[in-house]
Amino acid sequence: MTKLLFPGSFDPFTRGHRDIARRAAKICDKLYVAVMHNDAKKHFFAPEDRVMMARESLKGFDNIEVIRHDGLLVDIYKETGCDAVVRGIRSESDFRYEAEMALANRLLEPSYDAVLLPCRDDLSLISSSIVKEVGFYGGDISKMVPAEIVGFVSEELKKGRN
Ligand code: COA
C-alpha cells in the first residue's frame, strides 16, 4: 500500500492545494493531508479552522485523510509510515526551497523522500497570502478557494480586518 503525506500550513486551504491533493491521491492508495505550523509565517486561521477547511474542501475523496500535527514533519512522516511527502512547485524558487527542506529532513530521517508536483498554470498565482489580502478588503475570493469554504473564509477575513 503506497502512502503519501501532503503537509502545509494551509492558511487558508486554496484551489491550488486541492488540485495538488487530488492529483497526489490518484498516484497512491492513501493520502494524508497534514495541517502543520510553518515557523516562518504568522498564521491567521487557528489550527482547528485550518483542519476544518481542508476537510470540507476534500470531502468526497475517499482515500484522503486530513490530520493535524504540531511538531516536526519527519515525526508525522514516520508515525504515518508514508513513502514520500508531496509538495506543489510553482517556480524555480519553490524548487530550491523544497530541495533544501528535503535535504534537511533526510538528515533527520534517512528514509525521507519527496514527490514534487508542478502546480497548474492557472492556479499557480493563487497563494494563501493573496487570498488573505483580497479577503481583508472584502474582495471576491470565490475563484481562489474551494466553494465549500468561500463563505467561512470571507467572513473570517472581513472580521479579522476590523
Ligand atoms: N498553487 C498555488 N499556490 C500554492 C500551491 C498551488 N498548487 N501549493 C501551495 N501554494 C502556496 C500556498 O498557498 C502558500 O502560500 P503562502 O506562502 O502565501 O502562504 C505557499 O504556496 C506554501 O504554503 P503551504 O502549501 O500552505 O505550506 P507551507 O510551505 O507553509 O508548509 C511546512 C511548510 C508546514 C510543511 C513546513 O514549515 C514544516 O515542515 N513545518 C514543520 C516543522 C518542520 O519539520 N520543519 C522542517 C525542518 S527541516
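Which residues line the largest cavity? In this predicted model, the lining of the largest cavity is made up of V85, R87, E98, M101, A102, Y112 and A114.

**The cavity**

- When the whole structure is searched, 1 cavity of 30 Å³ or more is found, and the volume of the largest cavity is about 30 Å³.
- Strand 4 and helix 4 each contribute at least two residues to the lining of the largest cavity, with helix 4 giving the largest share, 3 residues.
- Sorted by class, the residues around the largest cavity comprise 5 nonpolar and 2 charged residues, with no polar ones.

**The largest pocket**

- The largest pocket holds about 1100 Å³ of space, and of the 42 residues that line it, those closest to its centre are G8, S9, N38, K41 and R87.
- By class, the lining of the largest pocket consists of 17 nonpolar, 14 polar and 11 charged residues.

**Helix 6**

- Helix 6 runs over residues 150-161, and its 12 residues reach 17 Å from the first C-alpha to the last, which is close to the 16 Å expected at 1.5 Å a residue.
- The buried residues in helix 6 are V150, V153, S154, E156 and L157, and what covers the buried residues of this helix includes helix 2 (47-57) and helix 5 (128-136).

**The cysteines**

- A disulfide is a covalent bond between the sulfur atoms of two cysteines, and by the distance rule applied here the count comes to 0 disulfides.
- C28 is in no disulfide, and the nearest cysteine sulfur, that of C82, lies 8.2 Å away.
- C28 counts as buried because its relative accessibility is 9%, which is under the 20% cut-off for a buried residue.
- For C119, the closest cysteine sulfur is that of C28, and the two sulfurs are too far apart for a bond because the distance between them is 17 Å, whereas a disulfide needs the sulfur atoms within 2.5 Å.

**I89 and its surroundings**

- I89 has its place in strand 4, and it counts as buried because its relative accessibility is 14%.
- Although I89 and C119 are 30 residues apart in sequence, their C-alpha atoms are 5.6 Å apart in space.
- Once neighbours within four places in sequence are left aside, I89 is in contact with D94, F95, E98, L116, L117, P118 and C119.

- K78 is found in helix 3 (residues 73-80), and it counts as partly exposed because its relative accessible area is 46%, a value between the 20% and 50% cut-offs.
- K78 and S111 are 33 residues apart in sequence, while the distance between their C-alpha atoms is 8.8 Å.

Methods
Residues numbered from 1 in each chain as written. Predicted model: local features only at pLDDT ≥ 70, side-chain atom pairs only at ≥ 80, totals over all residues. Heavy atoms only, no water. Helix = DSSP H or I, 4+ residues; strand = E, 2+ residues; numbered from the N terminus. Expected span 1.5 Å × (residues − 1). Buried < 20%, exposed > 50% of the residue type's maximum accessible area, 1.4 Å probe, protein only. Contact = heavy atoms within 4.5 Å. 1 Å grid on protein atoms, 1.4 Å probe; cavity = no way out; pocket = protein on both sides within 12 Å on 5 of 7 lines; lining within 4 Å. Points joined across faces, edges and corners; volume = space filled by probe spheres on them. Nonpolar A, V, L, I, M, F, W, Y, C, P; charged D, E, K, R; others polar.
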